Structure formats: C-alpha cells, structure tokens
Amino acid sequence: AVLAVVGHCFPVWLAFRGGKGVATGLGVFLVIVPWAVLAALVVFVVIVWRTRFVSLGSVTAAAFVPLWTGLTHLWIEPISDFTPTIVALCATSAIIIAKHHENIQRLLAGKENKFGAAKPSH
C-alpha cells in the first residue's frame with residue numbers, strides 16, 4: 001500500500017516527479033481503515049469550508065487518519081495487526097504531507113491560493 005503511494009509520488013518514467021499522493025493515499029486508506037477515512041473526510045470538509053485551503057484540508061486529513069486509527073484502536077475497534085497497519089498509515093501520511101511542502105510554505109507565508117478565489121491576472 002505504501003509503495004503504491006511512493007510509485008505515484010515518485011514515478012521512474014517521469015524522473016521521480018509525480019503527484020502529491022492524495023488520491024492514491026485515499027484509496028490506500030479506504031482499503032485499510034474505511035471508518036478513519038470517513039472521519040478524515042469530515043475533517044477535510046470542515047477545514048476547507050472554514051479556511052478555503054484545499055491543501056490545508058488534505059494535509060490535516062492525511063495526518064488525522066493514523067491519529068484516528070490509533071485512538072479508535074484503543075477504545076472502539078481493535079485491529080489485529082495494529083503495528084504494521086499504523087506504520088503503513090503513518091508512512092503514507094508522511095509522504096502525502098512531505099509532498100505538500102511547497103503548499104505548506106505558501107500557507108505559512110500567506111500566499112496559498114484559496115478554493116473558489118479568482119486567480120490574479122498578469
């Protein structure tokens with residue numbers, strides 16, 4: 001699962017320059033922990049609705065999946081192979097977040113584009 005995200009983010013045939021892994025990560029998360037994806041979807045929607053930053057919603061939701069999985073594993077739904085599962089979720093989330101480094105820099109600088117905002121003309 002993690003290698004699917006790695007392959008999407010760093011494809012050999014594109015000189016290791018690929019996407020940010022959000023859609024592939026979503027597919028991985030859906031297979032491994034579907035309830036965590038539902039919870040992360042709520043987080044994503046609320047973040048984007050309140051801030052209008054899709055990148056912030058994506059990064060927050062990606063970080064939320066292993067957090068939610070860990071919390072629910074303790075209290076609600078134990079996972080039989082918890083250690084390899086949480087390692088895979090954390091690795092996948094870390095890749096997605098790392099691929100958003102430029103977005104994070106723009107967010108911190110106040111220069112990230114907002115969803116639905118008109119793009120400035122040159």
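Where is phenylalanine 16 placed?

## Phenylalanine 16

Phenylalanine 16 sits in the loop between α1 and α2. Helices are DSSP runs of H or I with at least four residues, numbered from the N terminus. This is a predicted model, where local features need pLDDT of at least 70, side-chain atom pairs count only at pLDDT 80 or more, and totals for chains, interfaces and linings use all residues. Residues are numbered from 1 along each chain as its sequence is written, and side-chain values use heavy atoms, with hydrogens and water left out.

Phenylalanine 16 is partly exposed, at 49% relative accessibility. Buried means under 20% relative accessible area, exposed means over 50%, and partly exposed lies in between (1.4 Å probe, protein chains only). Phenylalanine 16 touches Cys9, Phe10 and Pro11, leaving aside residues up to four places away in sequence. Contact here means heavy atoms within 4.5 Å. The C-alpha atom of phenylalanine 16 is 12 Å from that of valine 5, and 11 residues separate the two along the chain.

## The nonpolar core

Valine 5 is also one of the residues with the most contacts inside the largest nonpolar core. That core has 18 residues. Such a core is a set of buried Ala, Val, Leu, Ile, Met, Phe, Trp, Tyr and Cys residues joined through side-chain atoms within 4.5 Å. Others with the most contacts include Phe29, Ala40 and Phe64. Five helices each supply at least two core residues: α1 (2–9), α2 (22–32), α3 (34–51), α4 (54–75) and α5 (82–99). The most come from α3, which gives five.

Phenylalanine 64 touches Ala39, Ala40 and Val43, again not counting residues up to four places away in sequence.

Which residues of α2 are buried? They are Gly25, Val28 and Phe29. These residues lie on the same side of α2, because they cover an arc of only 95° around the axis. The arc is taken from the directions from the helix axis to the C-beta atoms. Their cover includes α1, α3, α4 and α5. The face turned away from the buried side carries the exposed residues Ala23 and Val31.

## A nonpolar surface patch

Trp35, Leu38, Leu41, Val42, Val45, Val46, Trp49 and Trp68 form a nonpolar patch on the surface. Together they have about 840 Å² of accessible area, by the Shrake-Rupley method with a 1.4 Å probe. Patch residues have over 30% relative accessible area and no salt bridge, and nonpolar side chains (Val, Leu, Ile, Met, Phe, Trp, Tyr) are joined within 5 Å. Helix α3 gives the most to the patch, with seven residues. Leucine 41 is in α3. Leucine 41 is partly exposed, with a relative accessible area of 45%.

## Positive phi in two loops

Most residues other than glycine have a negative phi. Alanine 15 has a positive phi, near 55°. Alanine 15 lies in the loop between α1 and α2, and is exposed at 54% relative accessible area.

Arginine 52 has a positive phi of about 70°. Its place is the loop between α3 and α4. Arginine 52 is partly exposed, at 33%.

## One salt bridge

How many salt bridges are there? The count comes to one. A salt bridge is a side-chain nitrogen of Lys or Arg within 4 Å of a carboxyl oxygen of Asp or Glu. The side chains of arginine 106 and glutamate 112 meet in it, at 2.8 Å, N to O. Arginine 106 is partly exposed, with 32% relative accessible area. Glutamate 112 is buried, with 11%.

Key
Patches are made of residues with over 30% relative accessible area and no salt bridge: like charges are joined within 9 Å, nonpolar side chains (Val, Leu, Ile, Met, Phe, Trp, Tyr) within 5 Å.
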